Amino acid sequence: MRRDGRGRGVSVAAATALVCALGLSAVPETAYAAPGEPGPAPGPGGGADGGATGGQSLEEVHQEVDGLYRKAESATDAYNLAREKQARQEKAILKIARAVVKAQKEMAGLRKRAGAMARAQYRGGGMPAEARLFLNGDPGEFLDGVTLARKGEKATHGLIGRLERTQAALDRYADSASLEWERLDRSRAKKAAAKKEILRKLARAQRLESRLAKDERERLRRLEEDKARGAQAKWLDTGILRELGSGATAMGGRAVDFARAQLGKNYVWGAVGPDTYDCSGLTQRAWSAAGRAIPRTSQEQWRLLPKVSTKAMRPGDLIIYFKDASHVGMYVGSGAMIHAPRPGRQVTVAGAGSMPILGVVRPDAR
């Protein structure tokens, strides 16, 4: 890591280029400060006494709140994934139900035909067609009867075969429906458990924050920004900015434009717009607006979308954060990304290196 004056100069230049390139006056002036630059001075009450936080320091409150929101975000991914699976399974059950109705109608028709054949045989005295043929003394009628008997036998065999196949299909549908219902029940249970976990974590974090006085809440926000700024500065100090791509594809550019248009909108867990978003809801909708469908959750985006090197990322690429892939932002160029951070925050611009990067994915990779 570079700590000499030249390294600091590169970081300051990169930070300046970032703000200028984005042209966003809402970006805090200190958001991309270089190492060694002073952050906001702590105000009174921010020491070990912790104000109204039960003896915790503001740093400890920050760590706990941040951890709770991270766990809630991870649970949100589990919730969204379970919800997607539930929707797919409900569609599968509906498709099976329609197939069953069709097969049942076919079965009713086949049984009707079989009944007609049985009644015809009964009217013939129950004598097999072959026996009646041999009792016929007219050679011409005998030959015609042979042809008709063969057709009748073929029709009978065909009818029996269709009855057997239709019944087998109905049995398969019954097994498939039973399996899908079991899967649906599991998805519902997972979704309910994830929602319970989310609400519990969010409530705990919100209780902690609500105990803070107004000035302490503001210092907590500044503390979060300080940490993000420090992580971004270290990332820029590696020289990464000189290697990153600056040109977006047409589709990537549309995704970035959409993300920029959402700046200032509130984070709400599970939300996919148009007025509120969670992190992966924002990236999914941005790429949908660009013309490319991508998975709903950050974990599925990481698992299923093409991966690229961090050094090769370009505007529109998605940056996946943390080891559990529980957060995602969209790279917009000049070392910055746009993301929906957490409850109580708004869609904003942040340093692409302000959180631990797991990797980068490219929705429009060919």
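Visitor: What makes Tyr69, Ala72, Glu73, Thr76, Leu202, Tyr267, Trp269 and Pro343 the lining of the largest cavity?

Guide: In this predicted model, lining residues are those with an atom within 4 Å of a cavity point, and therefore Tyr69, Ala72, Glu73, Thr76, Leu202, Tyr267, Trp269 and Pro343 count as the lining of the largest cavity. Helix α2 (residues 58-123) gives four residues, the largest share of that lining, and the lining divides into six nonpolar, one polar and one charged residue.

Visitor: Why is this space called a cavity?

Guide: The term applies because a 1.4 Å probe fits at its points but cannot get out. The volume is about 30 Å³, and the search of the whole structure finds one cavity of 30 Å³ or more.

Visitor: What makes Val347 a contact partner of Ile338?

Guide: Contact means heavy atoms within 4.5 Å, so Val347 and Ile338 meet that limit; beyond four places in sequence, Val347 also touches other residues, including Leu263, Tyr277 and Leu282. Within the largest nonpolar core, of 25 residues, Val347 and Ile338 are among those that touch the most other members, as are Ala255, Trp287, Leu318 and Met330. The largest share of this core, five residues, comes from α7.

Conventions. Residues numbered from 1 in each chain as written. Predicted model: local features only at pLDDT ≥ 70, side-chain atom pairs only at ≥ 80, totals over all residues. Heavy atoms only, no water. 1 Å grid on protein atoms, 1.4 Å probe; cavity = no way out; pocket = protein on both sides within 12 Å on 5 of 7 lines; lining within 4 Å. Points joined across faces, edges and corners; volume = space filled by probe spheres on them. Helix = DSSP H or I, 4+ residues; strand = E, 2+ residues; numbered from the N terminus. Nonpolar A, V, L, I, M, F, W, Y, C, P; charged D, E, K, R; others polar. Core = buried A, V, L, I, M, F, W, Y, C linked by side-chain atoms within 4.5 Å. Buried < 20%, exposed > 50% of the residue type's maximum accessible area, 1.4 Å probe, protein only.
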